Each structure stands twice: as structure tokens, then as C-alpha cells.
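Subject: Handing over the two-chain model

Dear colleague,

I am passing the structure on to you with this message, and below it you will find my notes on what came out of going through it. Please read them with the coordinates open beside you.

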Number of protein chains: 2
Amino acid sequence: MQRLLNDPDRVVDDMLDGFLRVHAESVQRCDENPRVITRTSAAQPPGKVGLVTGGGSGHEPAFLGYLGEGMLDAVAVGEVFSSPTANAFLAAIRAADQGQGVACLFGNYAGDSMNVQMAIAMAEDEHRRVRIVKARDDIASAPHQDAEKRHGIAGGVFMLKTAGALAQQGGTLEQVIQLADKTAQRTRSICVGLSPCVIPAVGKPNFTIAPGTYEFGIGHHGEAGQRVAPLENAQDIARQMVDALREDFGLQAEKGAFAMMVSGLGTTPLMEQYLMAGHIVDELTGHGAQVWRLYVGDYVTSLDMNGLCLTLLLLDDELKRFLTLPAAPLGLGLGLASL
Amino acid sequence: MQRLLNDPDRVVDDMLDGFLRVHAESVQRCDENPRVITRTSAAQPPGKVGLVTGGGSGHEPAFLGYLGEGMLDAVAVGEVFSSPTANAFLAAIRAADQGQGVACLFGNYAGDSMNVQMAIAMAEDEHRRVRIVKARDDIASAPHQDAEKRHGIAGGVFMLKTAGALAQQGGTLEQVIQLADKTAQRTRSICVGLSPCVIPAVGKPNFTIAPGTYEFGIGHHGEAGQRVAPLENAQDIARQMVDALREDFGLQAEKGAFAMMVSGLGTTPLMEQYLMAGHIVDELTGHGAQVWRLYVGDYVTSLDMNGLCLTLLLLDDELKRFLTLPAAPLGLGLGLASL
């Protein structure tokens, strides 16, 4: 394991220390729980619906990087690939609650769901209003008829964006939740994995991908995909990814307008992400779809996994509007608003 | 080699095809030379000094990603880790020339320097005014007394930013060049490498880094560093990087204000970049320096190399001003201005 680490068991704490130093003007550690990072009160506009997420570490820039204007107010931070505790979710909810209620938007995994439910029960004892929406975009994680069981992967970013923009504009909790849920319902993703990843505290891969092959439909923690296939032609892989999403959206959707995100899973060179994005756009437009907006880069990663996540969001006018409103996710764009 | 490729010999063309599709509204391929990408005339404000760069591919998001408002107008694109041709530099200069002259800002390497000189000779035959500044921030590539021979690495981004902002504001060619050169003079970088990288058309690493070791002072193409050492403690590596830069800046500078950039070299998890950034900030502030602004992320990469580049820019009021003026580098921040 060639890694820049101190004590591998403390990697999340060390990362948070660094994150807080880099973004000292915008975020702070929650007094109540060291595994909760919030926007500073100076950075947070008063009187809005609070936006909270949480999840395991190892997906950077998710989720910390989506703190900022027009996006998240507080993040509960778990160990690598592990849910934050219920207490951490509760502390994040408390920190984000300005009396207008809190939208807790997170990826659908058993651990996160359980801890969020416990946190909400505690928050409701304090007379707080908390509503949730789970991202469930990974079409490989459950069949179409069980779509509500699917895991949330990179596509969850779209829901943070649209709901965050509406909250910023003064939307009510009910409106924010409705928009988040609509976004989540219309978001589908499929991943390919070319290499496993190494959890620092483990020190070796917890699954394998044989050289010369790739795994179609792999999850963000190495969850087994739909099939293993020879790693040959990139254009062919792009076509298979698009076909899988087209089939899942159904024919009625495929002439629609989409937001398209190609997210590297960690160690995928940007060169290859652009190469794949070009093929994917060609495939989609060849089938009559309109690619209305494109995002290419490392949006949600899986430590040092090599691979790609393709996400499509089927747009309507409302989603287009909230997708394009300004946002300043502080750990994304890498401070480049001002570079 | 686990890679998303078609024909490895065509990877640069395939990448450009994708880049042009993703950023179709903002950039176009130059009619005169397919290896030159320019801002569309609609995107380019009239009557300003043109800003051009060029270099080998494999460093994405550099250099294409720095096209955009307040930064570059045209980029000459080379093969992987190879200089663009003289003709490509010439075409980029022509495309960016609006009669106010062209600043050609690039990294100091023999191939690029030779081709730029040939391009300038041809451009001057056409009565164009072209001036150059070379980034020369890699302190490991030549000793202090030969600072002008040093290679340009990630720190070159700072020069593109300050000079780009001044050009955008209507600065003259002489003013833009002066600011670029001042920025370059005050920028120093040091890299550590934890793994080699694989050029797609070669298919295997062209150098090795033994597991359990890292190379201190490695270059952006695997140029040999100053020493190989056991890979142990990240905090210790951070201290060594800061010490090397402190020594090179000299004691008189070390109480100054710096812009600090931590750039991943390709496959370095953001988690580790933040961890290292935290230690680096602590080291710098512990020595009395002021870290005025921080940038963390993959700014200039080396394909799939694992490692980090630390850059410091010693600031003054003028540099602070131009560093913070708005810019919209289109392939950086990943379209996130509007996400």
C-alpha cells in the first residue's frame, strides 16, 4: 500500500484536520461531535431550511466538498466506507436546524438508513422537523421493480444541488423534500470498475478485479457488479453503460433532455474520463437524447478505485432551473471560484 | 495496464474529441491545426492580449482545463508527455492574437522551448508581437544557482492565473509579461512520487518506485528526484517538503504570506491530499509564515502517478489582487460554477 498516511486507523481524523485548515473561513467542527462539520454561522444564511447529509469517508470530495452556499449546511462523517453514528447525524441535524426544518439527504445503505432513523427519533423528541430523501441511483444494485432498494452512488450529487438551491432561495421543507425526491427518482447511474481499492486500515484490497477484465455494475464500495468482462474497447464499454441506463429509463424517456455526469472513481485519469464522456455523448445523441449539461471529473470517489460512474438525470424545466442556479461547494472546484 | 482506451496511439485525439463535446459551448478546435483548442470567439472578449500555452498531454486538467475567462485563450496540445509541434504553437498564437500581442506562458522543458522559439520566429515574420515566460518552479530539477534551468511543474498555474486576470482587465502585453514573470520568479514547487505512471502507448511504467519507498523531488514525467527514502510517516514527508521550499526561498522570505497549492499527481486520493495539506499548513505557520490562500486538488497531474506536488507562491499585494480576481477555467471546478 503506497499511501501518504500516519496511523491508518486515524486517517479520517487526519483528513478532517486538513480539511478544516484548508477551509477554515467557511467550515468548522461541531462542538457537540468532532465527526460533524458545519458551515460557519457567518457563512450560513439565516432562516433557511437546513440541508444535511452524511456517509462513510473515502468518497472525497463527497460529502464534505458539497458544503457551501446553495448546497449543504452540515455533514456527518463516518469511518472509511462506514456510516456515521446516529449521534453524529443528530448533531448535524441540530447544527443545521434554524427552525425551518431540516432535509436529510443521503445514499440508501442499511447502516446509514438505520442511524438516520435513530437520529430523527431523537430529533423529534426535541420537536425538530426532519424529513429524508435517499439517493437510489445505482441501477446495478437492485432490479427495476425493486428500484426503492437501490443504493445511492454518485448521482446523489444532483439531489444535493437542486434541493440545496431551493433551500437557498427560501423554499419550505416540504418543497425542498419534494424537489429532492423528484430529482432522486429521475436519476440513474451505472459504474464500471477496473481495479479494487484499499481501505487504509486494512492495507489490502477487499476484492479483486483480474488484470485484463473489468466489472460492469460495480458499487461504490466494491459491491459485486452484474458481470465481469474482458477489458477491451472503451467505446464499447461506453455503449454498454448507455444501453443499461436507456433500458432502465424506458423508451418513453430516451428522447428527453438529460444532465450527464461522468465521475471518476478515484484513480481514473481525467484523460480517460474525457475520452469516455465523448463516446457517451455520441451514444446518447445517436439515440435522440439531448445532453443538456455535462459534468466530468471526480465527484464521488471510492478511495483509489479505478473506474467510472455514469449518471443521467432526466430533466424538466424545474430541474434545469435549480441545476443551474449558482452554488459554491467549497471542496469542489477546489477553491477555483477565485483561482 | 487497466485503462479505458481504444487505440492507445490515438488517446490524445480521443481525449480531445471528448473534451470538445463536453465543453462545446466554450471551446473549438482550431481550423488550422487539430491539435490546437481555442475559446470560441463568442467566449473571448475582443481586444485583449492573447494568452497561450502548450505542453504534453497527460497532465489533465492542465492545460486544456485552464481555457476560459480570465485565463487561457488557446492551448497547443502535444502527445503524451511530448511537446506540441512548432506549427501547433504558431496556430495557437495566431488564434489568440487580436492585435494586442500574445503572451505565451509555458513550462521550461527543452522540447517546448525549442518549438516555441520556432513558432515565434514564424509569428514575427507575420509581424505579430509574442513574448514568453517560462514556469520554472521545480526546485528539485536544478540547484538554486541555476534556477533559470529549472523545469516548470504545477506551480505554473499561478502564472496563468495572475497574467490571465491582468489580460482580462485590459493590461498591455508588457504588463502581462511582467506580472507573469514576477509570479514565476516567486513560485517554487517540490514533488514526492509514490508510484510510476504508464504512458498508454507504452503500456508499462518507464521507471520504478519500489514498494515501501517514495522518491523525493520527482518530476512531472518521472524525472529522477533527489533521493529515495522509506515511505513511513506522512507528517514527516510534509515537513521535508516544507523544509526544502523554505531553504530555497531563503530565510528572508519565510515570514511572508504565501499562496499554497497541493496538487495530486493523478491517483492520490483527495483524503490524503487533505491530510498532507493540514500538516503542511501547520509546518508553515509554525515557522511564522502566513498561508493566505490554499488550493487542494488535482491541478496538474502525471497520468496515473501517485504522489503530490507542493507549490508556494510568495505573495505581495499585487499578486494577491490578481490571484483573487474572478476566473472561469472551464475544465477545472468541473463545470461546478453552475453545479
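The notes below begin with the contact between the chains, then turn to aromatic pairs, and end with some backbone details.

Please keep in mind throughout that this is a predicted model.

The interface

Between chain A and chain B, 77 residues of chain A are in contact with 77 residues of chain B. The size of an interface is often given as the accessible area lost when the parts come together. For chain A and chain B the buried area comes to about 5,800 Å², and carbon and sulfur atoms give 63% of it. On the polar side, the count is 26 residue pairs in polar contact between the two chains, both residues being at pLDDT 80 or more, and the rule finds four salt bridges across the interface. One of these joins the side chains of A:Arg3 and B:Glu272, with 3.4 Å from N to O.

As for what chain A brings to the side that touches chain B, at least two residues each are supplied by helix H1 (11-22), helix H4 (156-168), helix H6 (234-249), helix H7 (270-286), strand S12 (290-297) and helix H8 (317-324). Of the elements of chain A, H7(A) gives the most to this side, with eleven residues. By residue class, the side of chain A that touches chain B divides into 44 nonpolar, 22 polar and eleven charged residues.

Aromatic pairs

Over all chains, a search of the whole structure finds ten aromatic pairs. Among them is the edge-to-face pair of A:Phe19 and B:Tyr274, with 5.0 Å centre to centre and 65° between the planes. Because A:Phe19 lies in helix H1 of chain A and B:Tyr274 in helix H7 of chain B, this pair joins two chains. A:Phe19 counts as buried at 2% relative accessibility, and B:Tyr274 also counts as buried, at 4%.

Within chain A, A:Phe158 and A:Tyr295 form an edge-to-face pair, 5.7 Å centre to centre and with 65° between the planes. A:Phe158 is in helix H4 and A:Tyr295 in strand S12, so the pair ties together parts that are 137 residues apart in sequence. Both A:Phe158 and A:Tyr295 are buried, and together with A:Tyr299 they form one aromatic cluster.

Backbone details

Where are the cis peptide bonds that I noted? In chain A, the bond from A:Ala62 to A:Phe63 is cis, with omega near 0°, and A:Phe63 sits in the loop between strand S3 (50-57) and strand S4 (68-69) of that chain. In chain B, the bond from B:Glu60 to B:Pro61 is cis, with omega near 10°, and B:Pro61 is placed in the loop between strand S3 (50-57) and strand S4 (68-69) of chain B.

Positive phi values in residues other than glycine include that of A:Phe81, near 60°, and that of A:His127, near 65°. A:Phe81, in the loop between strand S5 (74-80) and helix H2 (86-96) of chain A, is buried, with a relative accessible area of 17%. A:His127, in the loop between helix H3 (110-125) and strand S7 (130-135) of chain A, counts as exposed at 75% relative accessibility.

Lastly, B:Ser195 is found in the loop between strand S8 (187-193) and strand S9 (213-216) of chain B, and it counts as buried at 16% relative accessibility. A polar atom of the side chain of B:Ser195 lies 3.0 Å from the backbone nitrogen of B:Asn306. Beyond its neighbours within four places in sequence, B:Ser195 is in contact with residues including B:Phe207, B:Ile209 and B:Asp304.

With best wishes

Definitions and conventions: Residues are numbered from 1 along each chain as its sequence is written. Chains are lettered from A and ligands numbered from 1 in the order in which they are written. This is a predicted model: local features need pLDDT of at least 70, side-chain atom pairs count only at pLDDT 80 or more; totals for chains, interfaces and linings use all residues. Side-chain values use heavy atoms; hydrogens and water are left out. Helices (H or I, at least four residues) and strands (E, at least two) are DSSP runs, numbered from the N terminus. Buried means under 20% relative accessible area, exposed over 50%, partly exposed in between (1.4 Å probe, protein chains only). A polar contact is a pair of N or O atoms within 3.5 Å; within protein, one must be able to donate a hydrogen and the other to accept it, and residues adjacent in sequence count only if both atoms are side-chain atoms. Contact means heavy atoms within 4.5 Å. Buried area is the accessible area (1.4 Å probe) that two parts lose on being put together, summed over both. Ala, Val, Leu, Ile, Met, Phe, Trp, Tyr, Cys and Pro count as nonpolar, Asp, Glu, Lys and Arg as charged, and the others, Gly among them, as polar. Rings of Phe, Tyr and Trp (its six-membered ring) pair if their centres lie within 6.5 Å; planes under 30 degrees apart count as stacked, over 60 as edge-to-face and the rest as tilted.
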